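This report walks through one protein model, a few features at a time. Please keep the sequence and the structure in view while reading.

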Amino acid sequence: MKDMYPKNGKVILHVDMNSFYASVEMSYDESLKGKPLAIAGNVEERRGIIVTCSYEARKYGVKTTMPIWQAKKLCPQLIIKKPNFERYRKASLAIFEVLRQYTEIVEPVSIDEGYLDISECAEWGSPLEIAKSIQERIYNTMDLPCSIGIAPNKFLAKTASDMKKPMGITVLRKRDVPKVLWPLQVVEMHGIGGKTAEKLQTIGIQTIGDLAKANETQLKQLLGINGIRLKERANGMDSRLVDPEAIFDHKSIGNSTTLPKDTTNQRELVGVLEKLSEKVAVRLKNKRLLGQKIGVTIRYKNWRTITRSKMVSNPFFEKTDISDWATELFLKNWNGEAIRLLGVTAYDVIEKESAFKQLDIFSFEEDADKEPLYEVMEHLQNKYGENIIKKGLTLKERSIGTNTSFSKDFFERTRSKNGLR
């Protein structure tokens, strides 16, 4: 069986659950099977958007992130259900439990997809046999469909899993890339969105094959180091390892919300920013993280979206600081037109224990004044536990919808259960 595995390379699987939230709901309620079903963040209000939908709904043109009203227009018989994240969390735990029975080298990417390195798993059979076994076990025990990509690296495995849905298994080798990927439009490549595709078109890159053969100097000028990375991917190269700890590498903590109605009322908009800043602060404190860069997202009535950010002098986690900086950024960049969505994000986050504050001649007196209070709080927490005294809001946060980084929050909560702490 070892002859089925490369001597020097890797064998990577990418397991991608098909229409995960909708499939979980169907597994709980068989009457939903075969019907157009969508899961939406807020069923009653205009802010509700489609989180995921069944393949039956997709036949009508219903898509993820589509507003409910638009989806209903395309498919009047569409069944809409609110998300049940506890139900999805339970299903996800069971899925990754199955995956870890084949190998410990499992990297969750989100609640419904992950990579496996099965390079040393010959005792379980050939790569194709392992993929079939995983797919059948998940379907037979949980009634949940998935697609699996088999490849020598993560990029090709992810690409392969997207090729046959639902319930597909696809093998994609490096030698297949010129024939299978190069003829495709560049926007179809994993990791390239519409805006990047538009930029690439300005230098004559239309297909993935064009990108594979592109001039590196031009790519670097256009997209920075990411341009070189994309060219490598277009040639089927990807040196990233499957990392079981990768899901816990926080890079940003953010919250956004769609407003009940488009508005130009500055007081209302600033109030929304304050509430979003409060949520970001709670999540930072809960994870014992600090941000180093603050960002705001503004989406106008016409759906034009801008994101602006700035580095700050000291790592932060307080709501007041986040709110002040976010408001300043917003007022500086808002053009006065009606707004439909606002977001606040803390970027470049670091663990509290590893952070240090860079005191300067303007802030040291203020920090010195607060030091006795901090010492008293620390003493009480050391003696009676961390939760004995908290500044501001409690750390219990139960936000449901598409406005928080649910996947990373979920994996952080379940990390200790799987013995990863």
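## An enclosed helix

Helix α1 is largely enclosed by the rest of the structure, because 7 of its 9 residues are buried. The buried residues of α1 are F20, Y21, A22, S23, V24, E25 and M26. Here buried means under 20% relative accessible area, exposed means over 50%, and partly exposed lies in between, judged with a 1.4 Å probe and protein chains only. Helices (H or I, at least four residues) and strands (E, at least two) are DSSP runs, numbered from the N terminus.

The model is predicted, and local features need pLDDT of at least 70, side-chain atom pairs count only at pLDDT 80 or more, and totals for chains, interfaces and linings use all residues. Residues are numbered from 1 along each chain as its sequence is written, and side-chain values use heavy atoms, with hydrogens and water left out.

## The chain as a whole

The protein chain contains 15 helices and 13 strands, and 45% of its 421 residues count as buried. Its accessible surface, computed by the Shrake-Rupley method with a 1.4 Å probe, comes to about 22,700 Å², and carbon and sulfur atoms hold 50% of that.

If a contact is taken as heavy atoms within 4.5 Å, then among the contacts in the chain with a separation of 6 or more, 66% are between residues 24 or more positions apart.

## Aromatic rings

A pair of aromatic rings is described by the distance of the centres and the angle of the planes. Rings of Phe, Tyr and Trp (its six-membered ring) pair if their centres lie within 6.5 Å, and planes under 30 degrees apart count as stacked, over 60 as edge-to-face and the rest as tilted. By this rule there are 8 aromatic pairs. Y21 and F85 form an edge-to-face pair, because their ring centres are 5.7 Å apart and their planes stand at 80°. This pair links distant parts of the chain, since Y21 belongs to helix α1 (residues 20-28) and F85 to helix α4 (residues 85-99), 64 residues apart. Both Y21 and F85 are buried, and ring pairs link F20, Y21, F85 and Y88 into a cluster.

Two arginines also lie over ring faces: R58 over Y55, at 4.4 Å from the ring centre, and R87 over Y28, at 4.1 Å. The rule asks that NZ of Lys or CZ of Arg be within 6 Å of the ring centre and within 35 degrees of the ring normal.

Most residues other than glycine have a negative phi, and most peptide bonds are trans. What is the peptide bond from K165 to P166, cis or trans? This bond is cis, with omega near -5°, and P166 is found in the loop between α6 (154-161) and β8 (169-171).

T65, which is not a glycine, has a positive phi of about 75°. T65 lies in the loop between α2 (55-58) and α3 (68-74), where T65 is exposed, with a relative accessible area of 53%. W303 is not a glycine either, and has a positive phi of about 75°. The place of W303 is the loop between β10 (289-300) and β11 (305-316), and at 41% relative accessibility W303 counts as partly exposed.
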